[in-house]
Amino acid sequence: SKIEDGISITTIEFQPGSDPDEKFSKVAEKINQIKSSLPNEIYDVILQKWDVTDINIIQYALIYDDNINLLKLDKIVDDIKKEFSKVDGVKKVGIHGLRDIELQIMIDVNKLAFFKIPLSQVLGAIESSNKDIPGGDLKIGSKNISVKTSGSFKSLSDIENIVVHSSEGKIVKLKDIAVISYKRREGYFARFNGRNCAFITA
């Protein structure tokens, strides 16, 4: 076992001649038995099976600044993954330490009251818009409401400019009543030499 940057990795090797599928099933069963008793600080336990053909030959750490555009970072990582996948002999390319992006909408309840817009109208405008946006959190005061949407999005301004109300020639857009931003979903993240990174393995 080894522990580094908030991740614990335990490797189990089976004796030659044993049935790997049977042994894997037994290990999975044991892990499932103890999952519920693990400390709350443990985000997840991931069990992976591999053989000699799955061994990574190289591992790169793509280091990035905290203020980088999240969409730009994902595009860079995706492009690198595609290039690696084109190399002869590469079976699999893995990306580690990057969680999915989601949209966070923080609505100002005072502005909702000022414009006299019901919350249901705002939700309806978001869900019925033609913009593909990811699921995320709609925060109103101290409460969070899950937004059930899916897809990818290209520009934050597209979301900000969704019209949530129109009356007597006056238009209220989402950005007029809320702060919209990108964030990573909850989970672990990777670091290399004390800096944020994405690990790329092949």
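Partly exposed residues are those between buried (under 20% relative accessible area) and exposed (over 50%), computed with a 1.4 Å probe and protein chains only. By that rule lysine 82 is partly exposed, because its relative accessible area is 47%. The structure is a predicted model, in which local features need pLDDT of at least 70 and side-chain atom pairs count only at pLDDT 80 or more, while totals for chains, interfaces and linings use all residues. Residues are numbered from 1 along each chain as its sequence is written, and side-chain values use heavy atoms, with hydrogens and water left out.

**Salt bridges**
- A salt bridge requires a side-chain nitrogen of Lys or Arg within 4 Å of a carboxyl oxygen of Asp or Glu; the count comes to five.
- Lysine 82 pairs in this way with aspartate 78 at 3.4 Å, N to O.
- Both aspartate 78 and lysine 82 belong to helix 2 (residues 70-85), four residues apart; helices are DSSP runs of H or I with at least four residues, strands are runs of E with at least two, and numbering starts from the N terminus.
- Aspartate 78 is partly exposed, at 33% relative accessible area.
- Glutamate 22 and lysine 26 form another salt bridge, their closest N and O atoms being 3.5 Å apart, and both lie in helix 1.

**Helix 4**
- Val122, Ala125 and Ile126 are the buried residues of helix 4 (residues 119-128).
- These buried residues line one face, because they fall within an arc of 95 degrees seen down the helix axis, taken from the directions from that axis to the C-beta atoms.
- On the other side of helix 4, Ser120, Glu127 and Ser128 are exposed.
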